[in-house]
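Subject: Structure handover

Hello,

Here is the structure that I am passing on to you. My notes follow below it.

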Amino acid sequence: MFYLKQISESVLKEVIKKRPSVSHKGDYGRILIIGGNENMGGAAIMSASAAVYSGAGLVTCASAPENRSALHARLPEAMFLDYHDFSQIITVIKSADVIVVGPGLGLSQHTNKLFALIFTHIRQQTTLIIDGSAITALAQEPKLLKTIPNCPIIYTPHQAEWQRLSGIEIAAQTPQVNQSIQQKLGATVILKKHHTEIYHADNSSSKIMIGGPYMATGGMGDTLTGIIAAFIGQFKASSAADVLDAAVYLHSLIPTKLSHEKYVVLPSDIISSLPQVMHNYLV
Ligand SMILES: NC(=O)C1=CN([C@@H]2O[C@H](COP(=O)(O)OP(=O)(O)OC[C@H]3O[C@@H](n4cnc5c(N)ncnc54)[C@H](OP(=O)(O)O)[C@@H]3O)[C@@H](O)[C@H]2O)[C@@H](O)CC1
Ligand SMILES: Nc1ncnc2c1ncn2[C@@H]1O[C@H](COP(=O)(O)OP(=O)(O)O)[C@@H](O)[C@H]1O
Ligand SMILES: [Mg+2]
């Protein structure tokens, strides 16, 4: 029998820490989000917003220039880069603690150029979260997959994206098979579904038993990427597995609670609740 640990609420108390008085934004994670083409800026904005509202110290969003005003109007805490400006993007890649690539990025030659840029300039200690279009782009370009850098990598596929990347049909995505592909990839895989499963880089695995169809709105996965990035960027005292378990659990805990009074829980509802709910877990 394959054992997936059921994540419990207690992980939030273990991971979320009171901040030392003598600290500054640089201590809470420099996050770069690369996503949002001219039609899907919302995905990058939701990812960046989730990162800011879950405590990331400095968030920069590299996106299509059409999204600049929307991002600034919606999230003035975040900085913006035109994703065609390679020299500025390289500078931020080199200083980022966590990079998210993919929310709303779309599939184009430009997506592949951005991959080459990240893979060349990312530092070994930086975590790279690969989501959405970026997963599909990698699945379509096996050559790119061979050039993946030697830094911590986290894939956050939904079941169809996992099918594209792993070659496993959705019906055949059992924990044993999922873990064998995850180990071949040498990365962490967060397989998003009803009761999301996490296959950690240290070969442990876990799953959540909360969340439901009130979360089935576009942007819900984009929001998860921002929470994960912020947690990695700031909660350095806990193990990598606990930090990811906590981020994934929190992302579903908020809508589970709100679903008692709402038919659907929007990504924006989760984002605005994050600071208050996180405060509840300070010991
Ligand atoms: N506001 C914005 O800017 C938004 C931007 N977005 C961005 O769009 C990009 C593309 O991402 P995507 O997930 O929308 O599309 P894609 O990768 O083609 O997968 C969909 C196909 O897979 C199938 N499918 C099967 N199982 C599934 C499952 N469990 N979960 C989901 N799908 C499942 C599904 O089946 P069907 O619905 O037909 O039954 C369909 O055939 C990505 O970069 C993302 O960030 C979105 O976040 C939305 C809000
Ligand atoms: N029925 C459901 N039960 C539990 N979680 C769900 C359900 N439907 C969607 N979700 C969650 O919503 C998110 C959807 O991710 P994804 O498809 O990548 O969204 P998007 O790309 O639109 O942002 C995942 O975290 C998934 O677990
Ligand atoms: Mg997605």
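Helices (H or I, at least four residues) and strands (E, at least two) are DSSP runs, numbered from the N terminus. The expected span of a helix is 1.5 Å times one less than its number of residues. The model is predicted: local features need pLDDT of at least 70 and side-chain atom pairs count only at pLDDT 80 or more, while totals for chains, interfaces and linings use all residues. Residues are numbered from 1 along each chain as its sequence is written, and chains are lettered from A and ligands numbered from 1 in the order in which they are written.

Helix α2 covers residues 41-53, and its 13 residues should span 18 Å at 1.5 Å a residue; the end C-alpha atoms are 18 Å apart, which agrees. A residue is buried if 20 or more other C-beta atoms lie within 10 Å of its own, exposed if 12 or fewer, and partly exposed in between, with C-beta atoms placed from the backbone. In α2, 13 of the 13 residues are buried, so the helix is largely enclosed by the rest of the structure.

Now the ligands. A residue counts as near a molecule if its C-beta atom, placed from the backbone, lies within 6 Å of it. Ligand 1 has 19 residues around it, of which Met40, Gly42, Gly132, Ala160 and Gly218 come nearest. The elements giving two or more residues to this shell are α2, α6 (132-140), α8 (159-166) and α10. Ligand 2 has 17 residues around it, and Lys192, His194, Gly211, Met220 and Gly221 come nearest. Helix α10 (residues 220-234) gives the most to that shell, with four residues.

UniProt, in an unreviewed entry, lists Ala43, Gly104, His158 and Asp222 under "binding site"; such annotations may be inferred rather than shown by experiment. Two of these residues are described here. Contact means C-beta atoms, placed from the backbone, within 7 Å.

- His158 lies in the loop between β7 (153-155) and α8. His158 is partly exposed, with 18 other C-beta atoms within 10 Å. Leaving aside neighbours within four places in sequence, His158 is in contact with Lys192, Lys193 and Gly221.
- Asp222 lies in helix α10. Asp222 is buried, with 29 other C-beta atoms within 10 Å. Leaving aside neighbours within four places in sequence, the contacts of Asp222 include Ala43, Gly104 and Gly132.

Regards

Methods. Contact = placed C-beta atoms within 7 Å.
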